[in-house]
Amino acid sequence: MLQSVLITGASSGIGEECAVFLAHKGFRVFAAARRIDKLKELTAVGSGRITPLQMDVTDKASIDNALKIIADEGLTLYGLVNNAGAAMMGPVERLPLDDWRSVFETNVFGLVAVTQAVLPQMRAAGRGRIVNIGSLTGRIASPFQGAYAATKHAVEGLSDSLRRELVPHGVKVSVVRPGAINTPFGHHEAEMLNKYENDDPYGDQVRAFKAWFSKQHPNAPSPVVVAEAVHHALTAESPHSRYTAPFKMSYALALRNLLPSGVTDRVLERVNGLDKFRKK
Ligand SMILES: NC(=O)c1ccc[n+]([C@@H]2O[C@H](COP(=O)([O-])OP(=O)(O)OC[C@H]3O[C@@H](n4cnc5c(N)ncnc54)[C@H](OP(=O)(O)O)[C@@H]3O)[C@@H](O)[C@H]2O)c1
């Protein structure tokens, strides 16, 4: 029988690419998101192996409904790809607390809710794979990404605990950390900065940062580099605890780990075009 995998946030970008990629590799894919119309378009390209499921990861009832549809088919999930994610941009001082809460609801509590709902069946089967989509921002936080970076740092931490808790239960946990990837996400992030462009006292910095940031995603790699890492995490006998996609971004992480924060700050400022704002 085909191995079944549930992918959250599969109506766009990385999740959509993972759904098609894994279906072509022979997985039975349950592609979940809120926009069911977008998901239905996937059925035509998934070699008949993609089932769309409406799911809002912030809504427990909707998670339970989706899982019931899978259970009613008599299937046990082998894999869960926690990919659903929301963007959030703005200066830490200015971003309203409701915005902080909203991005945590999706990126952290939503991920935990889906994981909690799926784990009993994986434990009962004595096997399974959980792949959490983190971000390079879960290790290197740019300015004006504080809330989003906090959620992705949280994903790193909770994934470490989960991986260690699940060793005796046969369920393996990996984090895949994309760098900038060419999906609608980056455009959405850049637009979120509009609100702060003329906002005292950060407006000048925000405008300079946005000028750099807006150029990153359109020229970034395709989401297929993430799908390849997810596929490895689902199929390798000993999956890595962490993947960086594309791989070359691992060098940025290695430098971040080696260099003192003060040096990393200056390198990032230079890259982001924010060095002119440094107070002498
Ligand atoms: N693109 C990048 O450069 C990049 C870099 C690092 C990490 N990531 C991470 O990669 C993941 C996917 O991002 P992407 O680039 O593919 O973005 P995207 O194209 O904007 O897709 C985001 C997906 O998340 C879904 N989603 C959002 N809120 C949801 C909710 N409450 N319940 C269920 N689904 C929800 C959206 O579907 P609906 O709106 O239909 O629900 C959509 O399918 C995210 O976790 C993101 O943080 C992206």
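A polar contact is a pair of N or O atoms within 3.5 Å; inside the protein, one of them must be able to donate a hydrogen and the other to accept it, and residues adjacent in sequence count only if both atoms are side-chain atoms. Keep that in mind as we walk through this predicted model, where local features need pLDDT of at least 70, side-chain atom pairs count only at pLDDT 80 or more, and totals for chains, interfaces and linings use all residues. Residues are numbered from 1 along each chain as its sequence is written, and side-chain values use heavy atoms, with hydrogens and water left out.

Let's start with Thr115. It sits in helix H4, residues 97-125 (helices are DSSP runs of H or I with at least four residues, strands are E runs with at least two, and both are numbered from the N terminus). The side chain of Thr115 makes a polar contact of 2.9 Å with the side chain of Asn82. Is Thr115 buried or exposed? Thr115 counts as buried because its relative accessibility is 5%, and buried means under 20% relative accessible area, exposed over 50% and partly exposed in between, with a 1.4 Å probe and protein chains only. Leaving aside residues up to four places away in sequence, Thr115 touches Leu80, Asn82, Ile130 and Leu162, where contact means heavy atoms within 4.5 Å.

Now for the nonpolar cores, which are sets of buried Ala, Val, Leu, Ile, Met, Phe, Trp, Tyr and Cys residues joined through side-chain atoms within 4.5 Å. The largest has 31 residues, and Ile7, Leu22, Val29 and Val230 have the most contacts inside it. Helix H1 gives the most to this core, with seven residues. Leu22 touches Val5, Ile7, Phe27, Val29, Val230, His231 and Leu234, again not counting residues up to four places away in sequence. There's also a second, separate core of 23 residues, which includes Val57, Leu75, Leu77 and Leu80.

Finally, take a look at the ligand. Its surroundings comprise 30 residues, and the closest are Ser12, Ile14, Arg34, Tyr148 and Thr183 (a residue is near a molecule if one of its heavy atoms lies within 4 Å of it). Helices H1 (13-24), H5 (146-166) and H6 (184-192) each supply at least two residues of this shell. A polar side-chain atom of Arg34 lies 2.7 Å from a ligand oxygen atom, while a polar backbone atom of Ile181 is 2.8 Å from an oxygen atom of the ligand.
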